[in-house]
Amino acid sequence: MAKVVWSAGIDHVSGVLCKSGKKGQHSCEKMLLATHRVAATESKDCNRLYLRRKVERTTPLSNREVAVRARFTAVRDMVATRAADLSKQLADQQAFMAQKDLAGGKKTLKAWYWSVCGAEYDQQHG
């Protein structure tokens, strides 16, 4: 989503301003992306605009891509189910807090859920 900061003029714009959509949806012919960042140089502002034509995939999905998509969908569903399970929330929060400040620990509860559920999926599916 695009973000615009208003003042007397426009200070900066950041994000997708126009997205090329899927077939049958109203969208732009080209994607318009604006970026803004505060650069560690003499100039404090860095604004860029990118135009990208809509790209149609020409090759079929590989078996690996299908497997990766299936894993993502399954882990996403596992994360949602586990996060909503009241019987596991307290234990999950305690386990998350115990590992959060360790080297390699997940810094957010959502990242921890993805890590745990991803490992569980990988163990089940070898």
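Predicted model: local features only at pLDDT ≥ 70, side-chain atom pairs only at ≥ 80, totals over all residues.
Me: OK, helix H1. What span should it have?
Reply: H1 runs over residues 63-84, and its 22 residues should span 32 Å at 1.5 Å a residue (the expected span is 1.5 Å times one less than the number of residues). The end C-alpha atoms are 32 Å apart, which agrees. Helices here are DSSP runs (H or I, at least four residues), numbered from the N terminus.

Me: Which residues of H1 are buried?
Reply: Val75, Met78, Val79 and Arg82. Buried means under 20% relative accessible area, exposed over 50%, and partly exposed in between (1.4 Å probe, protein chains only).

Me: Where do they sit around the axis?
Reply: They cover an arc of only 100°, which puts them on the same side of H1. The arc is that of the directions from the helix axis to the C-beta atoms.

Me: And what's on the face turned away from that side?
Reply: That face carries Thr81 and Ala84, which are exposed.

Me: What do the buried residues of H1 pack against?
Reply: Helix H2 (86-100) and helix H3 (109-125).

Me: How do H1 and H2 cross?
Reply: Their axes come within 6 Å and cross at roughly 95°. Axes are lines fitted to C-alpha atoms, for helices over the stretch in contact, with angles from 0 to 180 degrees between N-to-C directions. H1 and H2 are therefore roughly perpendicular to each other (that label covers 65 to 115 degrees).

Me: Which residues make that contact?
Reply: Arg82, Ala83 and Ala84 from H1, with Leu86, Lys88, Gln89 and Asp92 from H2. Contact means heavy atoms within 4.5 Å.

Me: Switching to H2, which residues are buried there?
Reply: Asp92, Phe96 and Gln99 are buried in H2. The buried residues of H2 pack against H1 and H3.

Me: Last one, Leu109. Where is it, and what does it touch?
Reply: Leu109 lies in helix H3, and is partly exposed, with a relative accessible area of 26%. Leaving aside neighbours within four places in sequence, Leu109 is in contact with Asp92, Gln93 and Phe96.

Methods. Residues numbered from 1 in each chain as written. Heavy atoms only, no water. Helix = DSSP H or I, 4+ residues; strand = E, 2+ residues; numbered from the N terminus. Parallel < 35°, antiparallel > 145°, perpendicular 65-115°, else oblique.
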